[in-house]
Structures are given as structure tokens and as C-alpha cells.
Amino acid sequence: MFLELAEILDCPVCRDGYGLVAFVRGAERRRVLSGRLGCPICEVEFPITDGVIDFGHAGEAGSETPEAHIDDPERSRVDPELPVRLAALLGLGDREGLAVLLGAGLGGAGVAVARLGGRVEVVSVSPSAAACDAWTVDDLSQGVDPVVGFGSRWPIRSGALDGVALLAGSRADRDEAVRCLVPGGRLVVIEPADGWEDGLAAGVLDPVAADAATWVGVRK
């Protein structure tokens with residue numbers, strides 16, 4: 001986890017607005033490799049193991065960080081053309097910022113997207129720790145923050161993201177993405193599910209591209 005990432009993280013449990021505090025046990029190249037994130041209000045904690053933040057296993061204050069992941073690296077199944085496509089759709093080539101990739105197969109593209117995106121920090125969200133097992137310090141130093149288990153309430157402050165790419169795009173994730181995007185930030189939905197736009201507040205996103213496989217909009 002990039003040390004400065006903690007500045008835009010918020011507790012997904014109590015949404016207190018005070019943010020999460022990083023407790024660092026091991027770090028390299030400004031990347032936290034072991035430790036935990038803790039909420040100063042409700043005292044829930046989220047372990048950091050091998051640079052991976054696990055929001056899917058919250059523990060009480062003082063709990064131990066879980067040990068090793070099993071081998072099933074999501075990265076090995078990434079379409080080689082996907083990172084180029086994501087970087088282009090998110091408009092990351094000529095700017096710095098923070099983007100989230102969420103969905104099976106998208107999270108594993110984080111390293112390649114970060115390399116293509118200039119000074120961009122990429123939060124790669126995977127459904128399980130198994131998908132994060134192959135990340136190395138060199139990978140993380142490219143600008144990647146592997147995360148397990150965002151859940152329906154994203155642990156990110158409102159207006160903190162410059163881009164979000166979703167696979168299928170559930171309404172819960174769509175609404176959280178919209179909340180977290182800065183004005184001018186892009187939402188990319190790969191293989192949008194039927195009805196994923198239903199209930200979206202009018203005028204909140206300005207569509208810029210859409211076909212059967214992809215939808216792209218800009219946060220107003």
C-alpha cells in the first residue's frame with residue numbers, strides 16, 4: 001500500500017469522516033508491506049499483508065494480521081490488450097491521479113495500467129487474497145495498491161478518484177463510483193449489465209462513449 005493512500009481512505013463500517021490510520025510494521029519504497037489500517041472511532045482494523053490491504057477481514061483492535069495467501073494469481077489471466085484499453089478509456093496517459101479497477105480480471109491489470117498512465121496510482125480490487133498472491137515490491141512500486149474486498153460501501157472518501165473501471169457494474173458499485181469520482185473523473189463500465197443505469201441520478205454522468213461492450217461517462 002502506498003503510504004499516502006491512507007489520506008483518502010475512510011472507514012467503510014462507520015463512515016466517520018476522520019479517515020483511517022496506518023500502523024506500519026514493514027515498508028519499502030514508500031510502500032507499506034505489513035501492518036494494519038485502523039478506524040479511530042469504531043476501532044475496526046484491516047490488515048495489510050505483503051502490501052495487500054484486506055477490507056474483507058475486519059478485526060477488532062489488536063487482532064493479528066492473517067498469514068499467507070494461496071496461489072491463484074488473477075494477473076496470469078489478464079487479456080494482454082486490456083491494460084491499454086483501460087488506460088485509454090480512463091484517460092490516464094497524460095495526467096496524475098488515482099484510479100480504481102474493480103471486477104474479475106480488471107484488478108490483475110493494475111501494474112500494466114499504472115505503467116501506461118504516467119504518475120497514476122491504481123487501486124486494484126480483487127475478490128480474494130488468492131488473486132493478490134503474486135504481487136511483488138517491484139510491482140507495487142509501479143504505482144499499484146492491491147486490495148481485497150471493497151464490499152458495497154467503498155472505503156474511499158467522496159471526490160477522491162480520477163477514474164473508475166468496473167466489470168458489469170452493479171448499481172451499488174456504480175453509486176459508490178459516482179460518489180468517489182472528482183468532477184471530470186471518468187467511469188468506465190466493461191460489459192455493462194442490463195439495467196445497470198436504472199436509478200442513476202439525472203445529469204450526474206455525461207456519457208462520452210457507449211457500445212455493447214463498453215460504457216464511458218464523465219462525472220459532472
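User: Which exposed residues does the face of helix 1 turned away from its buried side carry?

Analyst: Exposed means over 50% relative accessible area, buried under 20%, and partly exposed in between (1.4 Å probe, protein chains only). On helix 1, the face turned away from the buried side carries Val84 and Ala88, both exposed. The model is predicted, so local features need pLDDT of at least 70, side-chain atom pairs count only at pLDDT 80 or more, and totals for chains, interfaces and linings use all residues. Residues are numbered from 1 along each chain as its sequence is written, and side-chain values use heavy atoms, with hydrogens and water left out.

User: Which residues of helix 1 are buried?

Analyst: Helices (H or I, at least four residues) and strands (E, at least two) are DSSP runs, numbered from the N terminus. In helix 1, residues 82-90, the buried ones are Leu82, Pro83, Leu86, Ala87 and Leu90. They line one face because, seen down the helix axis, they fall within an arc of 130°, taken from the directions from the axis to the C-beta atoms.

User: What covers these buried residues of helix 1?

Analyst: Contact means heavy atoms within 4.5 Å. The cover includes strand 5 (97-102), helix 2 (110-116), strand 8 (161-167) and strand 9 (181-190).

User: In what order do the strands form the sheet?

Analyst: Strands of a sheet pair through backbone hydrogen bonds, either parallel or antiparallel. Two strands count as paired if DSSP finds at least two bridges between them. Here eleven strands form an open sheet with mixed pairing, in the order 1-2-3-4-7-6-5-8-9-11-10. Its edge strands, strand 1 (21-28) and strand 10 (205-210), each pair on one side only.
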